[in-house]
Every structure is written in C-alpha cells, then in structure tokens.
Amino acid sequence: SKRVIWLNEQFTSNYDFYQYFLRIKDNDIIKLLKLFTFISIEEIEEIEKIHFQKPEKLIAQRKLADEVTLWIRGSEALLNAQNATQLFFNNSKSIHKDNDDDDDSNNLDQSRIEKLIELEKNQLLSVLSDAPQIQLNNSKLTNDFDIFQLILHSGLIKTKAEIKRLAK
C-alpha cells in the first residue's frame, strides 16, 4: 500500500486518496478526525463511541475519508471513490451503509455490475492501477497456454503443486 499521498490528483488518484484515509488504523483515527476535518468535537466524540462499538464497519475511517476527499477533491471525486470502493470490496456494505440488513447476493452482484458500467475508463484504470499486473506478448498466448502457466508466469505462485494445493 502507498504511504505517501498527494493533494494533486495527477500524482494520487481520487480512489487512492480516499482509500488512504479509509485504511487509517483505529488508534490514529480520532486524532486525524480532529486535525483534518471541521467536524465539531461533540460530533467526533459521538463518532468515536459508535465506531468503537463496531470497528469493523470503519465508521470513523469512512467519515474521515468522506470529509477529506470532499474538501480536497470535490463531490464528484468523492462519489467516484465511494462507488469504486463499493465495487471492489466484498465488505462494501459495511463500509458504506450503516444498516445491518442482509441483501440478496444477486442484488449485490447486479449492483456491482451497474457500478462497473458507470465507471469511466480512466476511473477504472485508476482503481486497478495498484492491482498486480503482468504483461504477456502474443507469442505466449497459444492454445496450449493454460491457467497454470498464466499463474506461474505471473509470479504469484511459484509451483504447479502449490497451485493445485490452493485450488482444493
């Protein structure tokens, strides 16, 4: 993960900017809410209470990410970062909704598909910029180039035996 963020979106995408604040550790989050937002101390204390009752929901981190991204990057950047976060993380419900209702998995999949369609090409590339990538030339992509060779070539897993063990 990146340790440096830039205010300028040419150097840090809106998604990475938002994610930086969403990944702040619990022991730092309240201090940063006080430093980087205009939220009243009373409201921060309330956020702190709610956050530490269910820290897995990232309530304080979400508030910090929302406030700072909105202030520095604007409402469109915030919405795009939120949509990308919801799209790419299985726990998006806990990150972006405060209720505990269980949605039907088909509805969640359909929602993700709709959000993927809404993302513009440059937003999608920005979101995926930190994902592991490999480059294959066309000569590697032959009929006998199977998934095992692709995984081995990527360097993510070193042996076919390890791939088979993980696939079980």
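Hi everyone. The protein here has 10 helices and 0 strands, with helices (H or I, at least four residues) and strands (E, at least two) taken as DSSP runs numbered from the N terminus. Residues are numbered from 1 along each chain as its sequence is written, and side-chain values use heavy atoms, with hydrogens and water left out. Keep in mind that this is a predicted model, where local features need pLDDT of at least 70, side-chain atom pairs count only at pLDDT 80 or more, and totals for chains, interfaces and linings use all residues.

Confidence comes next. pLDDT is the predictor's confidence in each residue, from 0 to 100; its mean for the protein is 78, and 68% of the residues reach 70 or more. Over residues 91–105 the pLDDT is below 50, though this stretch has 30 contacts in the model beyond near neighbours in sequence. A contact here means heavy atoms within 4.5 Å. Where pLDDT is low, the predicted coordinates should not be read in detail.

Now the inside. Of the 168 residues, 33% count as buried, meaning under 20% relative accessible area, with exposed being over 50% and partly exposed in between (1.4 Å probe, protein chains only). The largest nonpolar core has 19 residues, and Leu-33 and Leu-64 touch the most other members. By nonpolar core I mean buried Ala, Val, Leu, Ile, Met, Phe, Trp, Tyr and Cys residues joined through side-chain atoms within 4.5 Å. Which helix gives the largest share of this core? That is H4, with 5 residues. Leu-64 touches, among others, Phe-21, Ile-29, Leu-33 and Phe-36, leaving aside residues up to four places away in sequence.

On to the outside. The accessible surface of the protein is about 11700 Å², and 52% of this belongs to carbon and sulfur atoms; areas come from the Shrake-Rupley method with a 1.4 Å probe, and for residues only the protein chains shown count as cover. Leu-7, Phe-38, Trp-71 and Ile-72 make up a nonpolar surface patch, together about 510 Å² of accessible area. For such a patch, the residues have over 30% relative accessible area and no salt bridge, and nonpolar side chains (Val, Leu, Ile, Met, Phe, Trp, Tyr) are joined within 5 Å. Ile-72 sits in helix H4 and counts as partly exposed because its relative accessibility is 31%.

Last stop: His-153, in helix H9 (residues 147–154). His-153 is partly exposed, since its relative accessible area is 35%. From Gln-135, His-153 is 18 residues apart in sequence and 9.5 Å apart in space, C-alpha to C-alpha. Thanks, everyone!

Conventions. Patches are made of residues with over 30% relative accessible area and no salt bridge: like charges are joined within 9 Å, nonpolar side chains (Val, Leu, Ile, Met, Phe, Trp, Tyr) within 5 Å. A salt bridge is a side-chain nitrogen of Lys or Arg within 4 Å of a carboxyl oxygen of Asp or Glu.
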